[in-house]
Amino acid sequence: MRVLDLLLPPACAGCGRFGHLVCEACTCGFRGAGAPQDRFAAGDPGMIVGDALELAIAAFEHEGSLRRVLQRLKYGGSARIALPLASAAAPALEALTVLCGRLPLVPVPVHAARERQRGYNQAALLAHQLGTGVGLPVLDLLERRRSTVRQHGLGKAARLHNLRGAFALRNGVRAPLQAILVDDILTTSATLEACAQVLRAAGAASVYGFAIAREV
């Protein structure tokens, strides 16, 4: 524990209680999005999400205290929240690897200007914490070459149009044969689909997606 935490214990990003970045009560209250094996076997249409993306799942539903926690991670400068979030989501990622194999994780990039503003890319923080916890390599392969208007309120087709040409493979890197894209929130899957298109065009045979939460 850091000395600062001893002197001034952190407040839970979900409920405000002092003592933990994300308290046990909030973590236990995160509602799971469903085991991927069961949903895949049942033919859940929400899991088959695009031409380039084979399959995408989320660990939890984007609601309640988790919504507040992700807001703090994304906009509140609380980078350390990535660790407890990744720890809570790790079992769902392990379940996904049962279906697709133990593949490298590729974080969804943010534009450089937005990353400077926030101080970090939350998807990259989550990917690295998940990779450490689950024992998967993390490959920082993608970059966001242009900024886009905010996706909130747009449907999937509009989001895909908005993201056209926004992502690219970093110079000098090669796409793996298979990979799992990592993001914080799964809404329409348009962002994961756009990133998967880049990896597939660069030679990846199959691309999967994983997010901490999905919109309900």
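Glutamate 94 is partly exposed, with a relative accessible area of 32%. In these terms, buried means under 20% relative accessible area, exposed means over 50%, and partly exposed lies in between, computed with a 1.4 Å probe on protein chains only. The model is a predicted one, in which local features need pLDDT of at least 70 and side-chain atom pairs count only at pLDDT 80 or more, while totals for chains, interfaces and linings use all residues. Residues are numbered from 1 along each chain as its sequence is written, and side-chain values use heavy atoms, with hydrogens and water left out.

Which side chain meets that of glutamate 94 in a salt bridge? The partner is arginine 102, at 3.1 Å from N to O. A salt bridge here is a side-chain nitrogen of Lys or Arg within 4 Å of a carboxyl oxygen of Asp or Glu. Arginine 102 is partly exposed, at 48%.

How many salt bridges does the structure hold? There are eight. Among them is the pair of glutamate 63 and arginine 31, at 2.8 Å from N to O. Glutamate 63 lies in the loop between strand E1 (53–61) and helix H4 (64–75), and arginine 31 in the loop between helix H2 (24–29) and helix H3 (36–41), so the pair ties together parts 32 residues apart in sequence. Helices (H or I, at least four residues) and strands (E, at least two) are DSSP runs, numbered from the N terminus. Glutamate 63 is partly exposed at 26% relative accessible area, and arginine 31 is partly exposed at 43%.

Let us turn to one further pair. Glutamate 143 and arginine 145 meet through their side chains in a salt bridge of 2.7 Å, N to O. Glutamate 143 is partly exposed, with a relative accessible area of 21%.
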